Amino acid sequence: MNTVASLIMTAQPPQQAAEPTAARVDVKAMPKILGRLTRLALRYPIWSGAAVSCALGAAVFNLITPRLLGQAVDQAHHLLVDGQFNPAATHAALLTTALLIVGTCAVRGTLTGLQGFLGEAIAQRVGYDLRLAFFQKLQHMSFSFHDTNHSGDLIARGMLDLEGVRGFLETGVLRVITLVLLLGVGSWQVLRADLQLGLLSLSFVPFVIWRATQMGALLRVTWNRLQEMLSNLTLDMEENLQGSRVVRAFASRSFELAKFDRIAQAALELSNRRIVIRMGAMSVMNLAYYSAMALVLFFGGRRVADGSLTVGMLTEFLTFMSILQQPVRQVGMVVNSSARATSSGRRLFEILDAQPEIADVPGAKNLVIDQGVLRLENVAFSYPGSTRNALTDINIEVSAGRTLGIVGAPGSGKSTLAGLIPRFYDVTAGRITIDGQDIRRVTLQSLRRSVSLVQQEIFLFDTSIHNNVAYTDPWAQEERVIEATSIAQLHEHIATLPKGYSTRVGERGVSLSGGQRQRMSIARGLVSQPDIIILDDSTAAIDAATEQRVRAALRDAVNHMATIIIAHRLSALKDADEIVFLEGGRIVERGNHQHLIGAGGRYAALWALQNRTDGYLGTAGHPLEEAQVS
């Protein structure tokens, strides 16, 4: 099974973000999420088995150390007290015990080091898998998902939350294994040796666990809130980086700095509160530990004095407590790590468990293009959560070699209609077919390979001009790229650049003008040689003279494609075989340019308005107010 694909589990209903109150903490979430994270580590059974073995081995050698020290002390004590002191024999016995202790500690240290290395290696591998799975999931999610989830929050989940998960896998799981073994086997040893002192030496453990559990609930609440604040910080920073020109143009730097400072200050205060919670709990746990040690010293010393306990046994109890101190003190760290992993894992799995609304249906086949006839039959569409239709009763047809023009006021549904054809959204009613094949029954990859949408919003990657133009077909030959840029009237400009097609365009194409970015977007849409091409107001930022040259070149380039042109400039639609006028999501007029001009309706009035032919308005019989497109 593909590791990345298998990480994307069966969908579960997304959970709501936890409220910042202890009363709203979902106590069932922690074992569920932490168990799921642990199962991810078990996808590497050899590494996991080796790490667990090292952890168990280190714990075993930890438990041997108190026994060796106790035996050494008793041995030395007997030699001295019994009057049989022999320097050579004592030296040899103590040297042997010392070498055993050194050897034990060396093995324990080696196993502990291997445990840390293996834990880090497993965490990094799981982190790698999650990172790829997260990015893959974002690539598969529908437009409706990205409409409602801000990219800043998604970035925070894919980076900050993923690190929180990875930190738990790196240390938390193995620390828990070590602690359980030390407590289980160690408790059995000390209780069997002496019940009273055993209970005293373990008396701090229940209190520490109880206090750590309390701390975990509080830390999980603060981690939830902190992660949300860090997402807000990421969002705010991303918006400011993208809108830096706007911020400077309106002299709003002080306002933006103050806004960022407020969020950062709130995150700092919450971080400080988290530290106070953790340190307060740790202090109380340390107090419990040293109180238990004082009790063992007091009662154990009295037992040694009355001869019912050997000095070696007391040493063994104290050494065991010293060894147990570090793992038990790490309970706080484990709880802190677990609390963060629970909050981070919840946010991460919300995305990994989400299912795209637009996906291939079972048994979907590749789209087969023969005639290249696109039909929209009684199509209606409303956006998720909206109560009104963005499109209603749309019936249009365009075939290969023919051009359909779409015009209408902003918000009339032009771009919505364009987004339905490559299936960015699914129709609410009716259907869209290509050569009789319902686009909901074919694979998305084959559909979008056949349909090229040059969108209003232009996005260019911070890479070379060649890579941007050839993005739809990275293996396109240089000649095809040059042909596409020549049609878009951009080749001559590129040829004058020092690095030609290897020139980097900068982030979001900042080194190019608006018209140049639009022409590069047109070239990108042509490189893949689609069967259907949709130009959504793709020449709005191009000057009139250049637009005429682009339109003339496009007429020859797309004569084998079904072409849809959405435009506000009606001059761009004069040569279309059919033009539809949208208003309120409905087709209110249709026909070619001459027919619509002769009909004297909305199209004719808008044409007159754009061409300043007041005389025509009088013959059309429609007042100017009816023709205005706001």
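Reader: In which strand is Asn378 found?
Author: This is a predicted model, in which local features need a pLDDT of at least 70 and side-chain atom pairs count only at pLDDT 80 or more, whereas totals for chains, interfaces and linings use all residues. Residues are numbered from 1 along each chain as its sequence is written, and side-chain values use heavy atoms, with hydrogens and water left out. Helices (H or I, at least four residues) and strands (E, at least two) are DSSP runs, numbered from the N terminus. Asn378 is found in the strand that spans residues 374-381, namely E1.

Reader: What is the phi of Asn378?
Author: Most residues other than glycine have a negative phi. Asn378 is partly exposed, with a relative accessible area of 47%, where buried means under 20%, exposed over 50% and partly exposed in between, for a 1.4 Å probe and protein chains only. Its phi is positive although Asn378 is not a glycine, with a value near 50°.

Reader: What is the relative accessible area of Asp393?
Author: Asp393 lies in strand E2, residues 391-398, and this non-glycine residue has a positive phi near 50°. Asp393 is classed as partly exposed because its relative accessible area is 46%.

Reader: In the open sheet of six strands, how much does the twist average from one strand to the next?
Author: The order of this open sheet is E6-E7-E8-E3-E9-E10, and its pairing is mixed. Strands E6 (451-454) and E10 are its edges, each pairing on one side only. From one strand to the next, the twist averages 15°.

Reader: Why is strand E3 largely enclosed by the rest of the structure?
Author: Both faces of E3 are covered, with Thr403, Gly405 and Val407 buried on one side and Leu404, Ile406 and Gly408 buried on the other. E3 pairs in the parallel sense with strand E8 (residues 562-566) over four bridges, and five bridges join E3 to E9, also in the parallel sense. Strand E3 (residues 403-408) is therefore largely enclosed, the number of its residues that are buried being six of the six.

Reader: In the hairpin of E9 and E10, what phi does Gly584 take?
Author: Strands E9 (residues 578-583) and E10 (residues 586-591) run antiparallel and are joined by five bridges, with Leu582 opposite Ile587 in E10. Two residues lie between the strands of this hairpin, in which Gly584 takes a positive phi near 60°.

Reader: Which residues of H18 make the contact with H17?
Author: Axes are lines fitted to C-alpha atoms, for helices over the stretch in contact, and angles run from 0 to 180 degrees between N-to-C directions; helices H17 (residues 514-527) and H18 (residues 544-557) pack at an angle of about 5°, with their axes 13 Å apart. H17 is therefore roughly parallel to H18, since angles under 35 degrees count as roughly parallel, over 145 as roughly antiparallel, 65 to 115 as roughly perpendicular and the rest as oblique. Contact means heavy atoms within 4.5 Å. The residues of H17 that make the contact are Arg519, Ile522 and Leu526, and those of H18 are Thr546, Val550 and Leu554.

Reader: Which residues does Ser338 touch, not counting residues up to four places away in sequence?
Author: Ser338 lies in helix H11, residues 311-352, and is buried because its relative accessible area is 7%. Leaving out residues up to four places away in sequence, Ser338 touches Met30, Leu34 and Phe168.

Reader: Over residues 1-25, how many contacts beyond four places in sequence does the model have?
Author: pLDDT is the predictor's confidence in each residue, from 0 to 100, and the chain has a mean of 80, with 89% of its residues reaching 70 or more. Where pLDDT is low, the predicted coordinates should not be read in detail. Over residues 1-25 the pLDDT stays under 50, and the number of contacts beyond four places in sequence that the model has for them is 47.

Note on methods
Pairing = 2+ DSSP bridges.
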